[in-house]
Amino acid sequence: MPTGLDLDHPNAARVYDYFLGGTANWAIDRMLGDKLLEAVPIIQTGARVNREFLNRAVRYCVRRGITQFLDLGSGTPTVGNVHEVADKLEPGSRCVYVDLEPVAVAHARILLDQHGDPERHTVLHADLRDVKRVWKDAVATGVLDPSRPIGLLMVSVLHFLHPQDGVAEVAAEYRDLLPPGSHLIISHATLDAVPDEERSQFERGVELYRLSGNPAHPHHPDVIRGYFGDFRMVRPGLVWLPDWHRDAGAYHHSARLADNPSACCFLGGIGVKD
Ligand SMILES: C[S@@+](CC[C@H](N)C(=O)[O-])C[C@H]1O[C@@H](n2cnc3c(N)ncnc32)[C@H](O)[C@@H]1O
């Protein structure tokens, strides 16, 4: 049992793991998960659509020569983790995972012990808001070379930061630290421009998430776009996840929302530091 584990409250990482069919969740997480599934039936598809976006985005980066990744709020390992997706295209790729939830970190350690390469893959237990420490520790692992472009992922995590945490400043600090050529991958929940039915369901979902250790804070697309700063957006820009590189594979669950992409309530994109 990892230390620091809070089993008195449901946790977003473990609820997400439940949605994705994983085993790193407890009864208290499944109780909230079931309530969420009842209130927001599309949420499970949304989680899978998010994983598919992550898959397409990582492959996009590898094809453009990005072979090292820093995955912030990486979650509990599931199918298609960043290092696995990258390794398929570039067997020498590197990845540092970072998460705050002890269970997610413990599971990542087990996975990497069994299937990773300690010289190329590692996981840190850290709070992504502690930018200087995360960066210093990630570089100190020796897995990342800070002089070469990095793929920095903040996928489905920034909406778990409280607006008072200075999310824009956190994103800006990471952008400043990244070497030129780096790619910033973000997906984020929004309730703006979402069809009425899904919007009211997700509003109930946000209320339920308040019961977990990680309340969710969806934002207006302009706020999310701001996290990319002056980075050049890869086409088609910040869009509904099913609309991002539709023809790049990893589209099984996304296809269900192809005609109604905003129903997933998730925007995503990649920005490049030129
Ligand atoms: C919904 S999961 C997303 C997992 C993965 N990025 C993905 O998209 O499949 C959100 C993750 O962010 C983590 N998280 C939330 N706040 C965090 C913080 N301040 N620092 C690091 N990780 C955090 C949670 O523990 C959880 O594992």
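**Stop 1**

Start with the lining of the largest cavity: seven nonpolar, four polar and two charged residues. (Ala, Val, Leu, Ile, Met, Phe, Trp, Tyr, Cys and Pro count as nonpolar, Asp, Glu, Lys and Arg as charged, and the others, Gly among them, as polar.) This is a predicted model: local features need pLDDT of at least 70, side-chain atom pairs count only at pLDDT 80 or more, and totals for chains, interfaces and linings use all residues. Residues are numbered from 1 along each chain as its sequence is written, and side-chain values use heavy atoms, with hydrogens and water left out.

Select Ser-74, Gly-75, Pro-77, Asn-81 and Tyr-97. Of the 13 lining residues, these lie nearest the centre of the largest cavity. The space holds about 80 Å³. The structure has one cavity of 30 Å³ or more. (On a 1 Å grid over the protein atoms alone, a cavity is a set of points where a 1.4 Å probe fits but cannot get out; a pocket is an open set with protein on both sides within 12 Å along at least five of seven lines; lining residues have an atom within 4 Å of a point. Grid points are joined across faces, edges and corners, and a volume is the space filled by probe spheres set on the points.)

Now colour α3 (43-63) and α5 (102-115). Each supplies at least two residues of this lining. α5 gives the most, with three residues. (Helices, H or I of at least four residues, and strands, E of at least two, are DSSP runs numbered from the N terminus.)

**Stop 2: the largest pocket**

Select Ala-12, Ala-13, Ser-156, Phe-160 and Asn-214. They lie nearest the centre of the largest pocket, which is lined by 50 residues. Its volume is about 890 Å³. Which element gives the largest share of the lining? α3 does, with six residues. The classes are 28 nonpolar, 14 polar and eight charged.

**Stop 3: the ligand**

Stay here: the ligand sits in the largest pocket. (That takes more than half of its atoms within 2 Å of the grid points.) Both α1 (12-19) and α3 give two or more residues to the shell around the ligand.

Show Tyr-16, Asn-50, Arg-51, Gly-73 and Asp-99. Of the 19 residues around the ligand, these come nearest. (A residue counts as near if one of its heavy atoms lies within 4 Å.) The shell has nine nonpolar, five polar and five charged residues.

A polar side-chain atom of Tyr-16 lies 2.6 Å from a ligand oxygen. A side-chain N or O atom of Arg-51 is 2.8 Å from an oxygen atom of the ligand. A polar backbone atom of Leu-128 is 2.9 Å from a ligand nitrogen. The protein covers 98% of the 610 Å² of accessible area that the ligand has on its own (Shrake-Rupley method, 1.4 Å probe).

**Stop 4: the second largest pocket**

Keep Arg-51 selected. Arg-51 also lines the second largest pocket, along with residues including Leu-20, Glu-52, His-252 and His-253. The volume of this pocket is about 240 Å³. Its lining has three nonpolar, five polar and three charged residues.

**Stop 5**

Go to Pro-236, in the loop between β6 (232-233) and β7 (239-240). The peptide bond from Arg-235 to Pro-236 is cis, with omega near 10°.

Finish at Ala-193, in the loop between β5 (183-189) and α8. Ala-193 is not a glycine, yet has a positive phi of about 65°.

Conventions
Polar contact = N/O pair within 3.5 Å; in protein donor to acceptor, adjacent residues only side chain to side chain.
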